[in-house]
Structures are given as structure tokens and as C-alpha cells.
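Here is a short note to read beside the structure. Keep the sequence at hand and go through the points in order.

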Amino acid sequence: MASPRLHVGDLRSPESHASDRPVRDIKRNLHCWSKLPQDLMQMVFERLGFADFQRAKSVCSFWLSASRQSKPNNKTPWMILFPKDNNYGLLFNPEEKDKFYKTQDLGNDFAKSYCVATYRSWLLMLDPKYLDFCEGKINEPLYNLFILDLLTRERINLPTLVSEFGILNAPIFWMDEKTKDYLVIGMFNEEDAVFFKKGDSSWKEMPELSLSDIDECFNMVYKDHKLYCLNYDELKIFDFSGEVPVEVFKISVRGCVPRLLRCPGRRPPANTLIRMKHNVVVTLSGDVLIVTSTRPGISKIWNFEIYKIDSSKGNKWEEIVSLGDEAILLELGLTVDTKEMSEGIKRNSIYFNGRDFGDEYDENDIFIFSLDTKKVEQPHQFVCSSVPCSNMRWFLPSFKRE
């Protein structure tokens, strides 16, 4: 990954001691920094975040060489911006303000494609040809998908997906970075599911997850080989660790996932329309949350409620008011530990994108809802205003050895 040259301050001995020693002794002590044991240097580098890692490897040629045996210990989520009509991405690290990293050339069709999901440093890209139609099958849209590692340019092309079910909703994507096993799950019309995994020759329908199992599923999260499906009545969990997906848990969500009732044939005025979304979130410890978000009209006021399964009360939902030292990345459906980060991501907060509410004016704006203050902030406004972008997404980078 291309990165800017970061300035590191010169290493000098304290002036109070410099006058008491010969110049040759000072130079000898400075020289010792470049003679640290290789295993010690590797231990140091593997404890550094991305920014400190880049600074450390520019100290001297020995440190640069030692850094090639390690990789940054990054726990901070990053954001990728997709500049309009360009074949590269811009990466934003919240720990480094007012700075972008530019990726290498990601291919001519990158600028023409749209990112629909991320997993670690991998992107699931949708080719716009999905708007075309297959010859002789006028009513069946064509979807071209590929998987791309934005740091190494490694690419996996998926078979063309021709669906008789209609519009493809936001798919779920997972990748094992060691074995390169992967799984892509897509939903159509909140009723029909298809999947493709490494080794398959074509997309498969999921008969095990029948219409009665995932009827009206509108939000899904995949973590640790489990698929979490949320609809207006139930949350269901399916285990994908075997050859056949198996339902392992279900629970009613009535009470924390209300429906909005509307009068048939009438569309309320924009300033009275209440936008509501429900998201499944899986925490670091494996707890399942439902996050209900509402936004009245076209205002800049959001409200969030979080519900958690209380096993001590017979698997009943209870509202919680704090995430402690964790923060929610709503579009990824997971939480991150802010104690592992020096700065950049705020504790007890919910990070979301204006795109989540379908507002064309805010679709590429980054928002943070603080559970402490109950207010919404825009801490990274320069990100949204610096470069005209067609899309932006959070991801959790996994840096490989150079």
C-alpha cells in the first residue's frame, strides 16, 4: 500500500549529558539503537499501531529491515472512500487527522463498480452490469460480483448471478485470510436467499432457509460461522460451520422491533415522515444486540435504542443504556474495543452513515451518536468534503508483511 513519508524526530541524547561525554561516545550510543536484537525489534513492531509503525520503520535502514518481519498491530477501524470515476481508493485512519492514504491502481473496472460489503481488507464489489438483462430473459437481472483485497490487489471473480427473484439486497461477505475460504450470502425481496462459497461452481439457493425461516429478513450479520437474520417477528441464528446451514436459535423481537403503520394510498409529508431502521449487532463477547434508530422528517436529530438478550430472565430483551468501552460500527454489525486504540474511535458510541437512512444529502456523511450525551456529532467532516465520492465504507484493515 502506498503511504506518505512520515517525519520522525531525530533521536538525540539529553543536552545535560552531552557536555560531559566525548562526541565519539554520543555517536556510539546513538549507533546502538540500530543494533538491537532482531527478535526484540520484532516484538516492538508487533505492538505498534499503523501510524507508529510507519514512523518507527523510517528511523534507520536496520529498523526498516526489521519491520519487514512484522506487521502493524492495528485494532482501529478505517474508512475507504471511492473517488468518483477513479481506479483507486482513499484510506482514512481516524487516528491520523487530516490525512489520506492512496491505494495503488485497483483495476480499470474498479471505478465502474460499487462496493456492497467489506470484510477485513477485502471488498465485495458489484459490477454495474447488474442493470443489464440476459438475452432471452428480459425479467431476470444479471449480477457480476468480485472480491478484491484493496491492499494486495488479489482478486477473486465470482460466477455471474442471474436471479428470478428480483433485486439483490445488501449481501453478507466473509473471508478466512489464511485458507482463503470465503462465503457470500445474498437476499432477494426479503424472502429468498442464495449463497456461493469457495469450491462451488455456481450460486446455490438455500432450501434449508426456507420462506418460513427467513420471511421478510431485512438485516443480516455473519460472524464466527453464524448467520444472524432479523425480521419484524423473530431473530434467527443459523450455524454455517457444516456442509448444511442449521438453525440453532430463534427468539421473538416483538417489543423492540416495532412496525410503522401507514395509511394505504397516503404518503405523509417529508417533514413528518419518521425514518426507522433496525440492525443486528454482535459484540466482541458474542452478545446479540438489536439497535433501533429513528429520525423524524428531514431533521438532523437521531435517536437510538439498544436491546440485549438477558439470559438470566429467560432470554428476554432488555434495553441497555451503555456500551462501556466498546463502540458500534452499525454498517458492519459489530463492536470494537476502544481501549485497544490510542485515539480516533470514541467509546460508548454508535458510528453510522447517512446512507443508512436513504438521505441523498447525507449519504456519504459520517455520524457518531454518543450514548453519553444523546447527541449526534460529525467529527470527520473534512473526509466528506475533501473529495467527491460515490461511496464510503468502514473496514478493519489486516496489514500483511511487505
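1. Start with a definition. A polar contact is a pair of N or O atoms within 3.5 Å; within protein, one must be able to donate a hydrogen and the other to accept it. The side chains of T76 and E95 are joined by such a contact, at 3.2 Å. Please keep in mind throughout that the model is predicted.

2. Where do the two partners sit? T76 is in the loop between helix 5 (61-67) and strand 1 (78-83). E95 is in the loop between strand 2 (90-92) and strand 3 (101-102). Both places are loops, as the two assignments show.

3. Are T76 and E95 buried or exposed? Buried means under 20% relative accessible area. T76 has a relative accessible area of 2%, so T76 is buried. E95 stands at 15%, and therefore E95 counts as buried too.

4. Next, the second largest pocket. About 320 Å³ of space lies in this pocket. Its lining is made up of 15 residues. The closest to the pocket centre are W174, Y182, K197, F240 and G242.

5. Which strands supply at least two residues each of that lining? Strand 11 (182-188) does, and so does strand 12 (192-197). By residue class, the lining of the second largest pocket has seven nonpolar, three polar and five charged residues.

6. Now the rings. The structure holds 17 aromatic pairs. One of them joins Y222 and F240. Their centres are 5.9 Å apart, with 80° between the planes, and the pair is edge-to-face. Y222 lies in strand 14 (residues 219-223), while F240 lies in the loop between strand 16 (234-239) and strand 17 (246-252). The pair therefore ties together parts that are 18 residues apart in sequence.

7. Why do both members of this pair count as buried? The cut-off is under 20% relative accessible area. Y222 is at 10% relative accessibility, so Y222 is buried. F240 has a relative accessible area of 11%, so F240 is buried as well. F240 is also among the residues closest to the centre of the second largest pocket.

8. Take Y351 and W394 next. Their ring centres are 5.7 Å apart and their planes stand at 90°, so this pair is edge-to-face. Y351 belongs to strand 24 (residues 349-353) and W394 to strand 27 (residues 389-395), so the pair ties together parts that are 43 residues apart in sequence. Both residues are buried.

9. Which residues form one aromatic cluster? They are W302, F304, F352, F367 and F369.

10. The charged end of K102 sits over the ring of Y88, at 4.3 Å from the ring centre. R155 lies over the face of F146, with 3.7 Å to the ring centre.

11. Check the backbone at R153. Its phi is near 70°, a positive value in a residue other than glycine. R153 is in the loop between strand 7 (137-149) and strand 8 (155-157). Its relative accessibility is 40%, so R153 counts as partly exposed.

12. K180 is not a glycine, yet its phi is positive, about 65°. It is found in the loop between strand 10 (172-175) and strand 11. At 22% relative accessibility, K180 counts as partly exposed. The reason is that partly exposed falls in between buried, under 20%, and exposed, over 50%.

13. How many residues lie between E305 and E319 in sequence terms, and what is their spacing in space? The two are 14 residues apart in sequence, and their C-alpha atoms are 7.2 Å apart. E305 is in strand 20 (residues 303-310). With a relative accessible area of 28%, E305 is partly exposed.

14. Last, Y228 and F238. They are 10 residues apart along the chain, and 6.7 Å separates their C-alpha atoms. Y228 is in strand 15 (residues 226-230). Its relative accessible area is 7%, so Y228 is buried.

Technical notes: Residues are numbered from 1 along each chain as its sequence is written. Side-chain values use heavy atoms; hydrogens and water are left out. Helices (H or I, at least four residues) and strands (E, at least two) are DSSP runs, numbered from the N terminus. Buried means under 20% relative accessible area, exposed over 50%, partly exposed in between (1.4 Å probe, protein chains only). On a 1 Å grid over the protein atoms alone, a cavity is a set of points where a 1.4 Å probe fits but cannot get out, and a pocket is an open set with protein on both sides within 12 Å along at least five of seven lines; lining residues have an atom within 4 Å of a point. Grid points are joined across faces, edges and corners, and a volume is the space filled by probe spheres set on the points. Ala, Val, Leu, Ile, Met, Phe, Trp, Tyr, Cys and Pro count as nonpolar, Asp, Glu, Lys and Arg as charged, and the others, Gly among them, as polar. Rings of Phe, Tyr and Trp (its six-membered ring) pair if their centres lie within 6.5 Å; planes under 30 degrees apart count as stacked, over 60 as edge-to-face and the rest as tilted. A charge sits over a ring if NZ of Lys or CZ of Arg is within 6 Å of the ring centre and within 35 degrees of the ring normal.
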